[in-house]
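Please look through the sequence and the model shown below before reading on.

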Amino acid sequence: MNNPVVIIGAGLSGLRATSLLTEKGIYCRILESRDRIGGRALSATVPNRPDLGRFDLGPTWFWPQYEPQMAALVKELNLATFIQQNDGDMLVERFQIKPPERCVLQENMDERGVRLTGGIQSLIDALAKSIPPEMIKLQMQVKRIRMDEAGNVTVEAEQANGTIENIPAAAVILALPPRLVAHHIEFAPPLPPDLLADIAEKPTWMGSQAKAVAVYETPFWRKARLSGLVLSSAGPMQEIYDASPTSGAGALFGFFGIPAEVREQMGQEKVIKLVANQLVKLFGKEAENPLAILYKDWASDSKTAVEEDSSPFKNYNSYGQPPAAGSWEKKVVFAGTETNAQYSGHLEGALQSAVQAVFKVTH
């Protein structure tokens, strides 16, 4: 290949595809529209308190006994792991005006998720170290992909300063949510209608979700023999888990039951206040003064989701590889967790799709 393979998207799938191609001696360029790598894999720190650790605002767990690509990559990169803390009773919150009920958690230890000691960001950082830094270009918004009559492909990308760069490509791996491709990238000649319809229908994983993490000095709920696990139909968070690191600080994270449109109307400040109030109701006075409440609304992130993603999932069956790309076959390959039918929405799905994309490009 005289021209590079261009990978669009520096999330887990794009980075893994780049590292695998680099191992084969194939030159790549990876273009990322954000000012950071990782995509939906995002671990944040408390402002001015990096000593407390990193807390996941995107994916959190993996299951090594079921997810071979993740297990192998974590081992290859020599990353430290620990088992999700679920020891203790769970709370069930059925009504806003009544206290939560305490329940014994019936759980199979073997089914617990595994977390990375430095957050999922540690996987992203370690993977990026295996890629020559000059291959990764941030704040590059791909606008157009062209193919001439001879089959030569050019990727047109806009830099942060507005400059347009035209990059010749041996092939293109689209390692970003398929709906972003359908909405934001123009193809000349156009993609086949059935392929375009397929990717426009694939819901973006986490595209309607938001996540909040409340960080405390210690995991005080464990003293009361509580696991940190909460199921709530009173909200605003409908599922809450212990998000504490292996030592030191305590943390609780939750997924929201409030629809994306309602969160947007409320605004972040009000949503965070509702979270704080819910945690006090559930865990008592010690929950009153978190060091911080970290918040990420993926539905309002234009680099992740489109307007259609605000609605709850309707079509899980659409996950998997899009149909044949017609004249673009072998020139354009889709990757990302939405394109893996078996592990869609999981880190494993992102990795398996990267392996499949590399195979298509090199065979």
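The sections below go through helix packing, nonpolar cores, selected loop residues and backbone geometry.

## Basis of the report

The model is a predicted one, in which local features need pLDDT of at least 70 and side-chain atom pairs count only at pLDDT 80 or more, while totals for chains, interfaces and linings use all residues. Residues are numbered from 1 along each chain as its sequence is written, and side-chain values use heavy atoms, with hydrogens and water left out.

Helices (H or I, at least four residues) and strands (E, at least two) are DSSP runs, numbered from the N terminus.

## Helix H1 against helix H3

Helix H1, residues 12-23, and helix H3, residues 121-129, have axes that come within 9 Å and cross at roughly 25°; axes here are lines fitted to C-alpha atoms, for helices over the stretch in contact, and angles run from 0 to 180 degrees between N-to-C directions. H1 is therefore roughly parallel to H3, given that angles under 35 degrees count as roughly parallel, over 145 as roughly antiparallel, 65 to 115 as roughly perpendicular and the rest as oblique. The crossing of H1 and H3 is left-handed, a term used if the near helix is turned anticlockwise from the far one by less than a right angle, with right-handed used if clockwise. On the H1 side the contact (heavy atoms within 4.5 Å) is made by Leu 12, Leu 15, Arg 16 and Ser 19, and on the H3 side by Leu 123, Ile 124 and Leu 127. Sorted by class, the contact of H1 with H3 has five nonpolar, one polar and one charged residues, where Ala, Val, Leu, Ile, Met, Phe, Trp, Tyr, Cys and Pro count as nonpolar, Asp, Glu, Lys and Arg as charged, and the others, Gly among them, as polar.

H3 is largely enclosed by the rest of the structure, because seven of its nine residues are buried; buried means under 20% relative accessible area, exposed over 50%, and partly exposed in between, with a 1.4 Å probe and protein chains only. These buried residues of H3 are Gln 121, Ser 122, Leu 123, Ile 124, Ala 126, Leu 127 and Ala 128, and they pack against H1, strand E3 (43-44), strand E4 (55-56), helix H2 (68-76) and strand E8 (114-116).

## Helix H2 against helix H8

H2 and H8 pack at an angle of about 85°, with their axes 8 Å apart, which means that H2 is roughly perpendicular to H8. Pro 68, Gln 69, Met 70 and Leu 73 of H2 make this contact with Leu 347, Glu 348, Leu 351, Gln 352 and Val 355 of H8. By class, the contact of H2 with H8 has six nonpolar, two polar and one charged residues.

## The nonpolar cores

A nonpolar core is a set of buried Ala, Val, Leu, Ile, Met, Phe, Trp, Tyr and Cys residues joined through side-chain atoms within 4.5 Å. In the largest such core, which has 41 residues, Ile 7, Leu 12, Leu 15, Leu 21 and Ile 173 touch the most other members. At least two residues of this core come from each of strand E1 (5-8), H1, strand E2 (28-31), H2, E8, H3, strand E13 (171-174) and helix H8 (347-362), and H8 gives the most, with seven residues. A second, separate core of 27 residues includes Ile 8, Val 181, Ala 325 and Phe 334.

Leaving aside its neighbours within four places in sequence, Ile 173 is in contact with residues including Val 5, Ile 7, Ala 17, Leu 21, Val 333 and Val 361.

## Two buried residues

Ser 310 lies in the loop between strand E19 (292-297) and strand E20 (332-334). Ser 310 is buried, with a relative accessible area of 16%, and, apart from neighbours within four places in sequence, is in contact with Ser 208, Ala 260 and Glu 261.

Phe 283 lies in helix H7, residues 268-283, and is buried, with a relative accessible area of 11%. Beyond neighbours within four places in sequence, the contacts of Phe 283 include Leu 91, Phe 220, Trp 221 and Leu 252.

## Backbone geometry

Most residues other than glycine have a negative phi, and most peptide bonds are trans. The peptide bond from Ala 188 to Pro 189 is cis, with omega near 0°, and Pro 189 is in the loop between strand E14 (186-188) and helix H5 (193-201). The bond from Gly 235 to Pro 236 is also cis, with omega near 5°.

Asn 48, in the loop between E3 and E4, has a positive phi near 70° and is exposed, with a relative accessible area of 77%. Met 206 has a positive phi of about 70° although it is not a glycine, and at 12% relative accessibility Met 206 counts as buried.
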